[in-house]
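Trainee: Hi, could you walk me through this one? I'm new to it.
Mentor: Happy to, let's have a look together.

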Amino acid sequence: MSEAQVPNAADTVRLDLWLWAARFFKTRALAKQAIETGKVDVGGQRAKPARAVRIGDALRVARGEEVFDIAVAGLSDTRGPASVAQTLYSETEASREARLARLAEARAARAGYQAPEHKPDKRARKLIRALGDIDAL
């Protein structure tokens, strides 16, 4: 390999380190675990935690129910404030819309639920147990 083909070390960052610095995961260990379990794809392919990330790489990050399709816009190996972390990537418009639609749907599903004002008393607990026994038949 000639020197022109070897990427400069300053032009790349480890994938797990970048995900941690961009605040997708709280710790590097969680970022590494997500990568190893296939929740992070680089360019449509599974990656290893030590994979070098470059500006312009396309990532797909699944975190819980949320899925982010992003492009790497900046590199950092240190975790800084959230305002700085948001400048490290740009999310695609389709990904943002799909994520917000899923969030709105989940909120709508919870809209009819009202938490009880207090714990059930002795009589209510007996009724709850009796209802549970009916389901067992």
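**A first look**

Mentor: Let's start at Ser95, which is buried, with a relative accessible area of 4%. Buried means under 20% relative accessible area, exposed over 50% and partly exposed in between, with a 1.4 Å probe and protein chains only. This is a predicted model, where local features need pLDDT of at least 70, side-chain atom pairs count only at pLDDT 80 or more, and totals for chains, interfaces and linings use all residues. Residues are numbered from 1 along each chain as its sequence is written, and side-chain values use heavy atoms, with hydrogens and water left out.

Trainee: Where is Ser95 found, and what is it in contact with, leaving aside neighbours within four places in sequence?
Mentor: Ser95 sits in helix H4, residues 93-110. Leaving aside neighbours within four places in sequence, its contacts (heavy atoms within 4.5 Å) are Val67, Phe68 and Asp69.

Trainee: Okay, zooming out: how many helices and strands does the chain have?
Mentor: There are 5 helices and 7 strands. These are DSSP runs numbered from the N terminus: helices are H or I with at least four residues, strands are E with at least two. Along the sequence the pattern reads β-α-α-β-β-β-β-β-α-β-α-α.

Trainee: And what share of the chain is buried?
Mentor: Buried residues make up 25% of its 137 residues.

Trainee: Which residues have the most contacts inside the largest nonpolar core?
Mentor: They are Leu15, Trp18, Leu19, Phe24, Leu59, Val61 and Ile70, in a core of 23 residues. Such a core is a set of buried Ala, Val, Leu, Ile, Met, Phe, Trp, Tyr and Cys residues joined through side-chain atoms within 4.5 Å. At least two residues each come from H1 (15-21), H2 (28-36), E2 (40-42), E5 (58-63) and E6 (66-72). H1 gives the largest share, 5 residues.

Trainee: New topic: how many aromatic pairs are there?
Mentor: The structure holds 3. Rings of Phe, Tyr and Trp (its six-membered ring) pair if their centres lie within 6.5 Å; planes under 30 degrees apart count as stacked, over 60 as edge-to-face and the rest as tilted. Phe24 and Phe68 make an edge-to-face pair, 5.3 Å centre to centre with 75° between the planes.

Trainee: Which parts does that pair tie together?
Mentor: Phe24 is in the loop between H1 and H2 and Phe68 is in strand E6, so the pair links parts 44 residues apart in sequence.
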